Amino acid sequence: MASGTEIGRAQEEEAMLLEAFRQGAPDAFESLFHLHQRAVYGWILRMVRDRGTADDLTIETFFRIYRAHARFDPARGFEAWARTIATRVSIDWMRAQHPEQVMAEEFFADVPGPERSDPALSAEVRDKTARAFERLPPKLRIAAVLAVIEELPHKEIAAALEISVAAVKVRVFRALRLLRRDLEKQGIRP
Amino acid sequence: MNGNDEDRMEQLLKRAILPVGSSEPERDLWPAMSRRMEKRPAAPPWFDWVLAGGVAIFVVAFPAAIPVFLYYL
């Protein structure tokens, strides 16, 4: 178990690393990259749901972080800042994509796990729901994927999207309403 | 859409799309990051400037359209 002195030293080292990064030290950036690449990649993958794209967008996110080092506020924390940039990068990417080409098939629930297994829900309905979801506007889709599918706390989502918790709830509600309308147009009554 | 409809839509969505959960990159991304940092930034293509100019003129000519632009940003 780490002692108070060790924790204090670790915090001091982290503060020095963040300050060195803010001042533009390449070594500090490399250290932060290695420390946070997994977290940033995981966050992006939750939004874009394609591993190759998540690789590319992780690099794009860190590139923007690298260029914006002078604007970094150490009081805010590196990971929270990286998440907001990663979210913006993901939204930009989604806007540039054709909606039908976004989500990798591996994330469709074609072969659901036992806890998700629902014989009443046909493969066609699942497929149409997933496709309709991809057609949602990126800002609504991201709020819904993080809140409903990944079940992350609204507070965490709000911080990454730089909006209030109430605004997250509104976006999720609008996403579900649009999704319902889209499915109804296709003759599916959820 | 009432609360029940919202719950039903949430359940449908959860059954249609799997959560990713915690996931890691399959390789170290630092070499690719390093190459990206060495590349010179590309200059914006000329049509980006034309588009930006067009938008600026449109906004000056029709200021009522500004909220619509802001909504879609």
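## Terms and model

Helices here are DSSP runs of H or I with at least four residues, numbered from the N terminus. The structure is a predicted model.

## A residue in a loop of chain A

In chain A, the loop between helix 3 (51-67) and helix 4 (78-96) holds A:R71. Is A:R71 buried or exposed? A:R71 counts as exposed because 9 other C-beta atoms lie within 10 Å, and a residue with 12 or fewer is classed that way.

A:R71 and A:R22 are 49 residues apart along the chain. Their C-alpha atoms are separated by 7.4 Å.

## Two domains in chain A

Chain A has two parts, domain 1 (4-96) and domain 2 (104-185). Between them, 13 residues of domain 1 of chain A are in contact with 13 residues of domain 2 of chain A.

On the domain 1 side, helix 2 (26-48) and helix 4 of chain A each supply at least two of the touching residues. Helix 4 of chain A has the largest share, with eight residues. Sorted by class, this side of domain 1 of chain A has six charged, four nonpolar and three polar residues.

## Where chain B meets chain A

How many residues of chain B are in contact with chain A? There are 26, and they meet 36 residues of chain A. Helix 1 (3-16) and helix 2 (30-38) of chain B each provide at least two residues of the touching side. Helix 1 of chain B gives the most, ten residues.

The side of chain B that touches chain A is made up of 15 nonpolar, nine charged and two polar residues.

Conventions: Residues numbered from 1 in each chain as written. Chains lettered and ligands numbered in written order. Predicted model: local features only at pLDDT ≥ 70, side-chain atom pairs only at ≥ 80, totals over all residues. Contact = placed C-beta atoms within 7 Å. Nonpolar A, V, L, I, M, F, W, Y, C, P; charged D, E, K, R; others polar. Buried ≥ 20, exposed ≤ 12 C-beta atoms within 10 Å, placed from the backbone. Domains from an automatic or database assignment.
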